[in-house]
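User: Could you walk me through this structure, a few residues at a time?

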Amino acid sequence: FQKPMVGVVTKIDQCRNPAEVERAETFLKLAGVGSIIHISSVTGEGIEEFADTSNDFRSAYLGHMEKI
């Protein structure tokens, strides 16, 4: 893809085997994802980072649309 992508691994609080997270990361990287965020809605881990990243992408998109 020519657009930057962010991958999200969810429910990390339920992961008992770290190899599962590594496997998910591998698939995301193979798909061309530039950065990966780990999220747990139970503990709140990664939620703020995800929100910030989403806002950054939204701002960049809206800035691009203004130029068209």
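This is a predicted model: local features need pLDDT of at least 70, side-chain atom pairs count only at pLDDT 80 or more; totals for chains, interfaces and linings use all residues.

User: Okay, where does S40 sit?

Analyst: S40 is in the loop that runs between β2 (35-38) and α2 (47-67), where helices (H or I, at least four residues) and strands (E, at least two) are DSSP runs, numbered from the N terminus.

User: And is S40 buried or exposed?

Analyst: S40 is buried, because its relative accessible area is 0%; buried means under 20%, exposed over 50%, and partly exposed in between, with a 1.4 Å probe and protein chains only.

User: What does S40 touch, then?

Analyst: Not counting residues up to four places away in sequence, S40 touches I12, D13, E45 and I47, contact being heavy atoms within 4.5 Å. As for V9, which is 31 residues from S40 along the chain, the two C-alpha atoms are separated by 8.7 Å.

User: New topic: which residues gather in a patch of negative charge on the surface?

Analyst: That patch brings together E48, E49, D52 and D56. Patches are made of residues with over 30% relative accessible area and no salt bridge, like charges being joined within 9 Å and nonpolar side chains (Val, Leu, Ile, Met, Phe, Trp, Tyr) within 5 Å. A salt bridge is a side-chain nitrogen of Lys or Arg within 4 Å of a carboxyl oxygen of Asp or Glu.

User: Where is D56, and how exposed is E48?

Analyst: D56 lies in helix α2 and counts as exposed because its relative accessible area is 55%. E48 is found in helix α2 and is exposed, with a relative accessible area of 62%. Between E48 and E25, which are 23 residues apart in sequence, the C-alpha to C-alpha distance is 20 Å.

User: What about the phi of K11?

Analyst: Phi of K11 is near 55°, a positive value in a residue other than glycine. Most residues other than glycine have a negative phi. K11 is in the loop between β1 (6-9) and α1 (18-30), and K11 is exposed, at a relative accessible area of 54%.

User: Last one: is V21 buried or exposed?

Analyst: V21, whose place is in helix α1, is buried because its relative accessible area is 17%. Leaving aside neighbours within four places in sequence, V21 is in contact with C15 and H38.

User: And E22?

Analyst: E22 also lies in helix α1, but E22 is partly exposed, with a relative accessible area of 49%. The C-alpha atoms of E22 and H38, 16 residues apart along the chain, are separated by 11 Å.

Definitions and conventions. Residues are numbered from 1 along each chain as its sequence is written. Side-chain values use heavy atoms; hydrogens and water are left out. Accessible areas come from the Shrake-Rupley method with a 1.4 Å probe; for residues, only the protein chains shown count as cover. Lys and Arg count as positive and Asp and Glu as negative; His and the chain ends are not counted. The place of a charge is taken as NZ of Lys, CZ of Arg, CG of Asp or CD of Glu.
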